[in-house]
Amino acid sequence: MSLPLSPAIKQSVRDLLISASLANLLLLRRWYDIEDLQGIPLNYFRTHPPSAIPLNATLIASGILTVIVLLLARIVRGCGKQWLLTFARVGFLAALIVPLETVRQYWNYQKGHADWTTNAALLALDLLLASGIVEVLRGRLRIFIAAERVAACMAAMLPVFLIYFAGMHAEAQHEAAYHARPPLPPLPGHPAAGRNGVNRPASRVIWLLFDEFDQRLAFDNRQPGVELPELDRLRAESFVGTHAIQTAGFTNLAVPSLLSGRVYSHAEAADASTLLVQPSDSNSMLSWRDQPNVFRRAREQGVNAALVGWHHPYCRVLGDSLTRCFDEAGVTSSDALAEETYFVDRGLAGSIAAVFEWRWNSFLGLFSRSEGMNHALTRFIQSHQQQQYFRIRDRAYRDAVDPRIDFLYAHFPTPHLYAIYDAQRKDFTLSEQTTYFDNLALVDRTVGELRRKLEQDGLWDTTTLLISADHGLRYVLWHGGMNWTPQFDRLLEAGQSPIVPFILKLGGENKPAVYDASFSAIVTGDLVLAVLRGEVTTAAQAAAWIAEKTGPQRVTESPHPVGGTSP
Ligand SMILES: [Zn+2]
């Protein structure tokens, strides 16, 4: 038995379906973003289970938009003025062009792999809607009515999305998956640094890894106006490798290789605490956690190791290889995740406002070529990264002067873009005009501050400082974005450099030495262990050690060491 519906009810249902559909289509881009947030591998860069705020904010925004469209339709119909009705029909068809263009932009700029067929199909639909507008103006409604029917049918998309995303949430990982692995107990009877004792490492070691620290831009081809006095001073009393080759071009791969001392050819996040790595000489993917790492090996040498790190969720993967661990995972490392972080930061109400604000900006972007860029999000990532820097810095400074720590590894989120420092003002004012060079100045400042802390605590002479990087500045990732200038296009014209800084200031040594043979930075972890064992205490020993591991030795006493602005 079916209930007969009055024409008025039928009309209301139809209006509701069309309004909901139009609202949903206008927010189509949000669904793409939410889709990007699904998938267990993304959890690797989260600090908590996925938040429901992005989905809820989108649903509520969609509801608000539905009500607005519905009310406008009522008002137009209630007025009964023909010109207003025509205007509303034109508006409806024009509004349908927006989601089509959104899809086109998304594929062209965000995903970067739209094909001619997709573009042609979308353009054909655009033209059809445009001709519908012309028809409406001439009093013919054929295309308009067809578009209305299609829109009403597309209301079915909303429940489909909901069922799809609800299913995704069901398989999300539990909160416990985001907990750090329990640290090792500090080794007992460990004498304080500075005194001789049993099982004591020969030297304390602090390994500073500066993300995206580029040898060529910092030292070999330093540009006028770039001043790095602390680094120059340090290089003038250190063993300096001028041709250390990065282990990989990206943090995900370069850092595991460095810490395992094994070259991986591929790395892939699997879940909140698992990174799979593929050794270059193997076909199988292995869990990075089960691979050897420099901290576990240091422990076997009687060393209390601490880690302060960025991007990787180090403590969930390697926390049980260390006596102390602190990390700041890469919660802004992809656009989708940065959006989630932004939404969580703003709360539900702020996120709903952001949905409308971003859609509006994206609509305005249809008329320019900046479409893919989300300005508010970029600025948020910049400021978030700066906060991460502060926390990592403070923690690293604290552990660096703790004599109970024999080996500290600290991975800093700088000079990795965006720029989080202003070199001219010598402060942390955030700006769109600062560049990679400002972040280099922050590296310099960090090294200087750490040095003074060690000096004040009387640990400078007994501590070996090693400065390196995971990879150099990446053109593909940053060009054309915020904090990028044409100067960097020119500097990276001939390609990006695979050479990373390698500065080893051995405890108690202050004679400069330059090692200019090429070697892979993969040896860094092993060298740290050799220093901890007391096998490398002089520049000559460092050179011989690297040469033995990697090839012929070429070391020179440098008369004007380093820091110079050689061409
Ligand atoms: Zn990196």
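**Exercise 1. Compare the span of helix α3 with the expected span, and list its buried residues.**

Solution. Step 1: helix α3 covers residues 53–79, which is 27 residues, and reaches 39 Å from its first C-alpha to its last. Step 2: the expected span is 1.5 Å times one less than the number of residues, and for α3 the 39 Å found is close to the 39 Å expected. Step 3: a residue is buried if 20 or more other C-beta atoms lie within 10 Å of its own, exposed if 12 or fewer, and partly exposed in between, with C-beta atoms placed from the backbone. In α3 the buried residues are Pro54, Leu55, Ala57, Thr58, Leu59, Ala61, Ser62, Leu65, Thr66 and Val69. Step 4: glycine 80 follows α3 and has a positive phi, near 70 degrees.

Two remarks apply throughout. The model is predicted: local features need pLDDT of at least 70, side-chain atom pairs count only at pLDDT 80 or more, and totals for chains, interfaces and linings use all residues. Residues are numbered from 1 along each chain as its sequence is written.

**Exercise 2. State how many helices and strands the chain has, and describe the chain as a whole.**

Solution. Step 1: helices (H or I, at least four residues) and strands (E, at least two) are DSSP runs numbered from the N terminus; the chain has 19 helices and 13 strands. Step 2: along the principal axes, its C-alpha atoms fill a box of roughly 95 × 55 × 45 Å. Step 3: 42% of the 567 residues count as buried. Step 4: two residues are in contact if their C-beta atoms, placed from the backbone, lie within 7 Å. Among contacts between residues at least 6 apart in sequence, 77% join residues at least 24 apart.

**Exercise 3. Locate the two domains and describe the contact that joins them.**

Solution. Step 1: domain 1 is 7–172, while domain 2 is made of 201–263 + 291–337 + 373–556; these bounds come from an automatic or database domain assignment. Step 2: the C-alpha centres of domain 1 and domain 2 lie 47 Å apart. Step 3: domain 1 gives 8 residues to the contact and domain 2 gives 7 residues. Step 4: on the side of domain 1 that touches domain 2 there are 4 nonpolar, 1 polar and 3 charged residues. Here Ala, Val, Leu, Ile, Met, Phe, Trp, Tyr, Cys and Pro count as nonpolar, Asp, Glu, Lys and Arg as charged, and the others, Gly among them, as polar.

**Exercise 4. Classify the packing of α5 with α6 and of α13 with α14.**

Solution. Step 1: axes are lines fitted to C-alpha atoms, for helices over the stretch in contact, and angles run from 0 to 180 degrees between N-to-C directions. Angles under 35 degrees count as roughly parallel, over 145 as roughly antiparallel, 65 to 115 as roughly perpendicular and the rest as oblique. Step 2: α5 (residues 116–137) and α6 (residues 142–154) pack at about 125 degrees, with axes 7 Å apart. This makes α5 oblique to α6. Step 3: their contact includes Leu128 and Val136 of α5 and Phe144 of α6. Step 4: α13 (residues 335–365) and α14 (residues 375–400) pack at about 80 degrees, with axes 10 Å apart; these two helices are therefore roughly perpendicular to each other. Step 5: Ala338, Glu339, Thr341 and Tyr342 in α13 meet Leu377, Phe380, Ile381 and His384 in α14. By class, that contact has 5 nonpolar, 2 polar and 1 charged residues.

**Exercise 5. Determine whether histidine 311 and lysine 426 are buried or exposed, and give the phi of each.**

Solution. Step 1: most residues other than glycine have a negative phi, and most peptide bonds are trans. Step 2: histidine 311, in strand β6 (residues 305–311), has a positive phi of about 75 degrees. Histidine 311 has 22 other C-beta atoms within 10 Å and is therefore buried. Step 3: lysine 426 lies in the loop between β8 and α15, with a positive phi near 55 degrees. Lysine 426 has 11 other C-beta atoms within 10 Å, so this residue is exposed. Step 4: proline 415 is also found in the loop between β8 (407–412) and α15, and a cis peptide bond with omega of about 10 degrees joins threonine 414 to proline 415.
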